[in-house]
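Q: I have a protein model open here and would like to go through it with you. Could we start with how its helices and sheets are arranged?

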Amino acid sequence: MQAPPAITRPATRATAISAPLPPIAFPEELPVSARRDEIARAIEANPVVIVCGETGSGKTTQLPKICLALGRGRDKLIGHTQPRRIAASSVARRIAQELNTPLGEVVGYKVRFTDHTRPGAAIKLMTDGILLAETQSDPLLAAYDTIIVDEAHERSLNIDFLLGYLKQLLPRRPDLKVIITSATIDAERFAAHFGTAGKPAPVINVSGRLYPVEIRYRPVKDEDDADDRTLMDAIVDAVDECALAGPGDVLVFLPGEREIREAAEALRKHRFGAAGPSPAAGPGTEILPLYARLSAEEQERVFKPAGARRIVLATNVAETSLTVPGIRYVVDTGLARVKRYSYRNKVEQLQVEPISQAAANQRAGRCGRVAAGVCIRLYDEADFAKRPKFTDPEILRSSLAAVILRMKSLGLGDVRAFPFVEPPPARAIADGYDLLAELNAVDEDNELTPIGRELARLPVDPRIGRMLLAARDHHALTEVLIIAAALSVQDPRERPLEAQAAADQAHRKFADEKSDFLSFVKLWNFVAERFEHKKSNRKLTDELKSNFLSPRRVREWREVHSQLAAIAGEMGWRGNSTPATFEQVHLSLLAGLLGNVGFKTLDADYREPPYVGARGIKFFPHPGSALAKKAGKWIVAAELVETTRLFARCLARIEPEWLEQVGAHLVKRHYFEPHWEKRAGHVAAFERATLHGLVLHARRPVAYSRFDPKLCREIFIREALVRGELPDEIARRAPFFAHNRKLAAEIEALEHKSRRPDVLVDEDLVHAFYDALIPPQVCDARGFEAWRREAEKATPRLLFLEREQLM
């Protein structure tokens, strides 16, 4: 099939870019190239097209070029979203390379901290989060004539929100073309979602793998095995099987970093174990880990094929976003560590779970890119058949607070009515509103409060945004910007398995005995000084590494800090000129973390969690915290995460009075035992205050008149006036009081003499006498005295009782 002729840029764009577009060629070896005419016709004829293509089909790089060949991307941009930053930049480079143009000129990309798109570019790669952020300033997405949403099968919150937003937008933008692409998309669901007039959107299926992949099932527990075979044994055996099958690199999928370390150890021991070298122990065989927290240099090693066989041990980051070159074999444990939000405990739980069929097929597809491949699954075929077809969308396992906040700020109406591909469960929506209520961002009617409107303007996590707003008010912005940036990225401190003690020693100088949050400030100052006096980038990197700090994560921390500081600057906020106090900093942090406070239970068994938190949950301080053994009675944590136990990470000591101040909108107060206090001259009661079920104080004395003035008036008349418990200094100045008490005493003496108990009138009649004279608003000694002075000017004997009234 011939490539279409070169497309020259029309006059309307010539001023932006003088060079015409180069010829657009489509690599014939990619399956999508054979279907490009069909795809082009579908795009021209429909507002939405769904392209289903497996890994390796070429859909990600060729679809934007098909749109370009159709004449799109001339007056407006072709927007192309990716779930991850690394994918957005690498895809942009690849397409620019295929078009023989410099990056940024025709094809650019924009990610969290970088914009490589020149004015007049035709194709813009970006993360889905970037496009969502742009809806704030450009609600009609008027800058684009085409939107390609790639990797939609990942069903992240951002992707689901974007798909719902586009569905609402299309009727107002009839010129806009939307292309949804994925490796293993639930095509029917998406086709129905974007259907019009009862007709689903068209779906085009493109074959994916360039080479066949043989699937072999090797379950960890085989019925014929007499001994207890572990997952690590199964991995070792599978890698040996791959080695015997022929040359080529092996990609092993594991659920997390800990399992990667264990597998690396098992493979190293096995290669030259007691039974002699294993088949996998060829000369120079490399074992390489691959996970998101790895340093850039270590990740880079995976993408540079070496001469010897490589065994790459990876988490699910290698499923879609990153293509590891040279892979001929895949070993799939069938497991992944999945983040789930517990609506009951309000915590994120990292759980190891079986992956879906779609994810398993995605993993298998990784070994059919360079030659015929073999995928060994460490579970049986029946297990595979029972698994869910697709991974649960993130929206079904997340807190919806940020989504609700963004929807309200964009005026998209009720979250329950928003056209999500799969509507979130009612409890998830309720939980999102609960978090926003905790942050004081919505009122009782779930409408935005002034704080909520301010939060919606901040393009950050709602918790982080709430901390920044509080820091502005508490004059702690300088410190909280540093801490908030640290909480938004992975911890820059590294603790390698082989040097844990050395790392702990190096990090000790940053520790703060009362707050892990303040250790970030100490660390920041240390790093800032090194950056200021650096002799070269190499020396700086070496110094950071010698202190067990990740240069990549330190840079990311600094970038997030710059972004947050820029947002604060745009809002007109100023940093504090003098250092904030411990209280100012932690009052600010508490505003975003009220659900993460804990109280130490003195009677806890040493095996039981020592802290009770919001809504009765119990947790342990994380052993990595400087406060782990001496955290104090009240603490706040940056996060609660459940792994083997429920742990609170990044801790600080706090005072319960701060919780009353910051959480005033959430504190529940109960008043009991109202009683007269002669000395104070008012009715007092006891207050019990709780926050999320935690008792802040159980029996605090309070003046009761502001809660129930009517009852206080009753008690005041009965106790102070009828029973004579008026404060002495007021009684001395009130002639009526001495007169009435003397009169009552005389009649009482007469009662004793005459032995007639009916002589003295009962208290109710005396109460009625005062009640008829004293105004309704008087309910304590002070108010009574002020009224009495004025009233007696006109009627001096107003409150004097007569003998007849008592007999």
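A: We can begin with helix α25, which lies across strands β24 and β25 and runs at about 20° to β24. Please keep in mind that this is a predicted model.

Q: Which strands form the open sheet, and in what order?
A: The open sheet has three strands in the order β24-β25-β26, and their pairing is antiparallel. The edge positions are taken by β24 (668-677) and β26 (694-703); each has a single partner strand, so one side of each has no neighbour in the sheet. On average, neighbouring strands of this sheet are turned by 15° against each other, direction ignored.

Q: How many bridges join β24 to β25?
A: Eight bridges join β24 to β25 (residues 682-691), and the two strands run antiparallel.

Q: Is the crossing of α25 and α28 right-handed or left-handed?
A: The crossing of these two helices, α25 and α28, is right-handed. On the α25 side, the contact is made by Arg713, Glu714, Ile717, Arg718, Leu721 and Val722. On the α28 side, Glu763, Val766, His767, Tyr770 and Asp771 take part.

Q: What is the contact of α25 with α28 made of, by class?
A: The contact of α25 with α28 has five nonpolar, one polar and five charged residues.

Q: Changing topic: which strands pair with β19?
A: Strand β19 (residues 597-600) is joined to strand β22 (residues 634-642) by three bridges, and these two run antiparallel. β19 also pairs with strand β20 (residues 611-613), again over three bridges and in the antiparallel sense.

Q: What are the bridge partners of Gly598?
A: In β22 the bridge partner of Gly598 is Ile635, and in β20 the partner of Gly598 is Gly613.

Q: Now for α4. Why is helix α4 largely enclosed by the rest of the structure?
A: Ten of the eleven residues of α4 (residues 59-69) are buried, so the helix is largely enclosed by the rest of the structure. The buried residues are Lys59, Thr60, Thr61, Gln62, Leu63, Pro64, Lys65, Ile66, Cys67 and Leu68.

Q: What follows α4?
A: Helix α4 is followed by Gly71, whose phi is positive, near 95°.

Q: I also had a look at Arg788. Is Arg788 buried or exposed?
A: Arg788 is buried, with a relative accessible area of 4%; the cut-off for buried is under 20%. This arginine, Arg788, lies in helix α29 (residues 781-794).

Q: What is Arg788 in contact with, leaving aside its neighbours within four places in sequence?
A: With those neighbours left aside, Arg788 is in contact with Arg733, Ala734, Pro735, Phe736 and Leu799.

Q: Finally, the whole chain. How many helices and strands are there in the protein?
A: The protein has 30 helices and 26 strands. Of its 807 residues, 53% are buried. Among the contacts with a separation of 6 or more, 69% are between residues 24 or more positions apart.

Notes. Residues numbered from 1 in each chain as written. Predicted model: local features only at pLDDT ≥ 70, side-chain atom pairs only at ≥ 80, totals over all residues. Heavy atoms only, no water. Buried < 20%, exposed > 50% of the residue type's maximum accessible area, 1.4 Å probe, protein only. Helix = DSSP H or I, 4+ residues; strand = E, 2+ residues; numbered from the N terminus. Left-handed = near helix turned anticlockwise from the far one by under 90°. Contact = heavy atoms within 4.5 Å. Nonpolar A, V, L, I, M, F, W, Y, C, P; charged D, E, K, R; others polar. Pairing = 2+ DSSP bridges. Axes fitted to C-alpha atoms, helices over the stretch in contact; angles between N-to-C directions.
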